[in-house]
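Here is a short tour of one protein model. Please keep the sequence and the structure open beside the text as you read.

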Amino acid sequence: MSDQCIFCEILRGNSPASFTYEDDTVVAFGHMLVVPRDHAVLMADLNETVAMRTFRVARKLASVARSTLGAGGVNLFVADGEIAFQDVPHFHVHVIPRYPNDGFGLTFPERYSQPPGRAELETIAAAIRAANP
Ligand SMILES: [Zn+2]
């Protein structure tokens with residue numbers, strides 16, 4: 001745990017939260033954030049078992065959002081790094097219940113609809129394969 005982290009403060013019981021799920025590895029609170037008990041800033045900083053547990057719980061809560069909250073759909077959102085809009089430096093998965101006309105939206109830059117050419121895509125794909133993910 002980190003002394004500076006609001007999620008670790010919640011996990012220590014020093015800050016209030018409305019918990020929706022708890023187990024030995026993961027908690028969820030609010031509407032809804034799924035948070036591993038281990039403090040890690042980025043997804044890659046978590047051990048794989050903890051990361052997978054976080055996504056398993058997000059999957060379950062997405063189902064509960066439909067059955068219990070009446071959501072018509074759900075977005076899972078991960079902000080992995082400050083440039084990707086990570087607001088709390090403790091990895092978490094947003095489970096966002098969605099309703100008609102709820103005000104959420106996605107904005108893509110114009111170039112997103114104009115992907116690179118085949119040769120450049122293959123160069124990028126080869127580099128990713130070589131990294132052996
Ligand atoms: Zn933390």
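## The model

Please bear in mind that this is a predicted model. The residue numbers used here start from 1 along each chain as its sequence is written.

Let us begin with the metal. For reference, the ideal angle for four tetrahedral donors is 109.5 degrees.

Distant parts of the chain are linked by the pair C8 and H39, which are 31 residues apart. C8 belongs to helix α1 (residues 6-11), while H39 sits in the loop between β3 (33-36) and α2 (48-67).

Is C8 buried or exposed? Its relative accessibility is 0%, so C8 counts as buried, the cut-off for that class being under 20%. H39 has a relative accessibility of 29% and therefore counts as partly exposed. One more distance for C8: its C-alpha atom is separated by 14 Å from that of F19, which is 11 residues away along the chain.

## The largest pocket

Now turn to the largest pocket, which holds about 320 Å³ of space. Its lining is made up of 14 residues, and those nearest the centre are N75, F77, I96, G105 and L106. Strands β4 (73-77) and β5 (93-98) are the elements that give two or more residues to this lining.

What is the lining of the largest pocket like by class? Nine of the residues are nonpolar, three are polar and two are charged.

## Backbone features in the loops

A few backbone angles deserve a look. As background, most residues other than glycine have a negative phi, and most peptide bonds are trans. In this model, the peptide bond from H31 to M32 is cis, with omega near -10°. M32 is found in the loop between β2 (26-29) and β3.

F85 is not a glycine, yet its phi is positive, at about 75°. This residue is placed in the loop between β4 and β5, and F85 counts as exposed because its relative accessibility is 64%. N101 also has a positive phi, near 55°. The loop between β5 and α3 is where N101 lies, and its relative accessibility of 83% is why N101 counts as exposed.

R59 is part of helix α2. With a relative accessible area of 64%, R59 is exposed, since exposed means over 50%. V95 lies 36 residues from R59 along the chain, and the C-alpha atoms of the two are separated by 8.4 Å.

How far apart are the end C-alpha atoms of helix α3? The helix has 13 residues (residues 118-130), so at 1.5 Å a residue it should span 18 Å, the expected span being 1.5 Å times one less than the number of residues. After α3 comes N132, with a positive phi near 55°.

How values were computed
This is a predicted model: local features need pLDDT of at least 70, side-chain atom pairs count only at pLDDT 80 or more; totals for chains, interfaces and linings use all residues. Side-chain values use heavy atoms; hydrogens and water are left out. Helices (H or I, at least four residues) and strands (E, at least two) are DSSP runs, numbered from the N terminus. Buried means under 20% relative accessible area, exposed over 50%, partly exposed in between (1.4 Å probe, protein chains only). On a 1 Å grid over the protein atoms alone, a cavity is a set of points where a 1.4 Å probe fits but cannot get out, and a pocket is an open set with protein on both sides within 12 Å along at least five of seven lines; lining residues have an atom within 4 Å of a point. Grid points are joined across faces, edges and corners, and a volume is the space filled by probe spheres set on the points. Ala, Val, Leu, Ile, Met, Phe, Trp, Tyr, Cys and Pro count as nonpolar, Asp, Glu, Lys and Arg as charged, and the others, Gly among them, as polar.
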